[in-house]
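Please look over the sequence and the model before reading on. The report below is meant for someone who has not seen this structure before.

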Amino acid sequence: MSTQTAVTRISPEACTRMDQVRDGVDGIDRELVALIAERARYMEAAARIKPSRDVVHDDWRIEDVIGKVLAESRRLGLSTEIAEPVWRELVRQSIAYEFEVWDRTRGA
């Protein structure tokens with residue numbers, strides 16, 4: 001198992017072997033899990049702050065998030081065909097989690 005970090009990770013362009021590619025992907029996956037865990041804590045905060053279960057799902061905010069993600073994807077050269085479905089699913093799951101937390105903490 002590799003102990004590479006973002007600082008020591010070989011860039012994709014410099015990879016010449018599949019073990020380097022796999023180490024890079026594994027390192028990025030660890031970083032993504034940490035970021036998604038932090039994002040989930042924001043969903044917990046939202047569930048704590050929102051006054052009503054009726055405001056957990058917000059279509060305007062969903063499209064706002066997706067729009068910002070797509071703009072950032074274009075800026076960084078990430079295909080929007082990858083970014084949009086991934087973020088829509090992340091948002092869908094985040095909303096489901098927020099409902100779960102809201103219900104659990106409010107005794108619903």
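Predicted model: local features only at pLDDT ≥ 70, side-chain atom pairs only at ≥ 80, totals over all residues.

Residues are numbered from 1 along each chain as its sequence is written, and side-chain values use heavy atoms, with hydrogens and water left out.

Helices here are DSSP runs of H or I with at least four residues, numbered from the N terminus. Helix H1 covers residues 18–49 and helix H3 residues 80–106, and helix H2 covers 59–76. The 32 residues of H1 should span 46 Å at 1.5 Å a residue, which agrees with its end C-alpha atoms being 46 Å apart; the expected span is 1.5 Å times one less than the number of residues. H3, with 27 residues, reaches 37 Å from its first C-alpha to its last, close to the 39 Å expected.

The two helix pairs are set out here, with axes fitted to C-alpha atoms over the stretch in contact and angles running from 0 to 180 degrees between N-to-C directions.

| Pair | Angle | Axes |
|---|---|---|
| H1 and H3 | about 45° | 8 Å apart |
| H2 and H3 | roughly 150° | within 10 Å |

Contact means heavy atoms within 4.5 Å. Among the residues joining H1 to H3 are Ile-36, Ala-40 and Met-43 of H1 and Leu-90, Val-91 and Trp-102 of H3, and the residues of this contact divide into 11 nonpolar, 1 polar and 5 charged.

Buried means under 20% relative accessible area, exposed over 50% and partly exposed in between, with a 1.4 Å probe and protein chains only. The buried residues of H3, among them Ala-83, Ile-95 and Phe-99, pack against H1 and H2. In H1, the buried residues include Gly-24, Met-43 and Ala-46, and the buried residues of H1 pack against H3. Gln-20, also found in H1, is buried with a relative accessible area of 11%; leaving aside its neighbours within four places in sequence, Gln-20 is in contact with Ile-10, Ala-14 and Cys-15.

Methods
Helix = DSSP H or I, 4+ residues; strand = E, 2+ residues; numbered from the N terminus. Nonpolar A, V, L, I, M, F, W, Y, C, P; charged D, E, K, R; others polar.
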